Amino acid sequence: MAVSYNGLWKLLIDKNMKKVDMMNQVGISSSTVAKMTNGELVSMKVLEKICEKLDCDFGDIVHYSKDHDKDGRQ
């Protein structure tokens, strides 16, 4: 599975915020942000906190796409 948080990074840019600003406002750790930066899964609770503080929905910050095998097939 492939998870992208590009929507979150774009939202931070639109709000003129840095990742560290988000960490402080939301109350999440640097290791959680590192996971997100690397496209790893984080808990729904973390996503909920982010959405609450940044006034957005899950779809605004995370995108899921199915993995493709090495030949490009699903």
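Helices, taken as DSSP runs of at least four residues, and strands, as runs of at least two, are numbered from the N terminus. On this basis the chain in this predicted model reads β-α-α-α-α-α-β along the sequence, with five helices and two strands. Of its 74 residues, 30% count as buried. The chain exposes about 5200 Å², of which carbon and sulfur atoms supply 48%. Among contacts with a separation of 6 or more, 56% are between residues 24 or more positions apart.

Val-3 lies in strand β1, which spans residues 2-4. The residue is buried, at a relative accessible area of 15%. Beyond its neighbours within four places in sequence, Val-3 is in contact with Gly-39, Leu-41, Val-62, His-63 and Tyr-64. Val-42 is 39 residues from Val-3 along the chain, and the C-alpha atoms of the two are separated by 9.9 Å.

The structure holds zero disulfides. For Cys-51, the closest cysteine sulfur is that of Cys-56, at 3.9 Å, which is too far for a bond. Cys-56 is likewise in no disulfide, and its nearest cysteine sulfur is that of Cys-51.

Methods: Residues numbered from 1 in each chain as written. Predicted model: local features only at pLDDT ≥ 70, side-chain atom pairs only at ≥ 80, totals over all residues. Heavy atoms only, no water. Buried < 20%, exposed > 50% of the residue type's maximum accessible area, 1.4 Å probe, protein only. Contact = heavy atoms within 4.5 Å. Areas by Shrake-Rupley, 256 points an atom, 1.4 Å probe, with all protein chains shown as cover. Disulfide = S-S within 2.5 Å.
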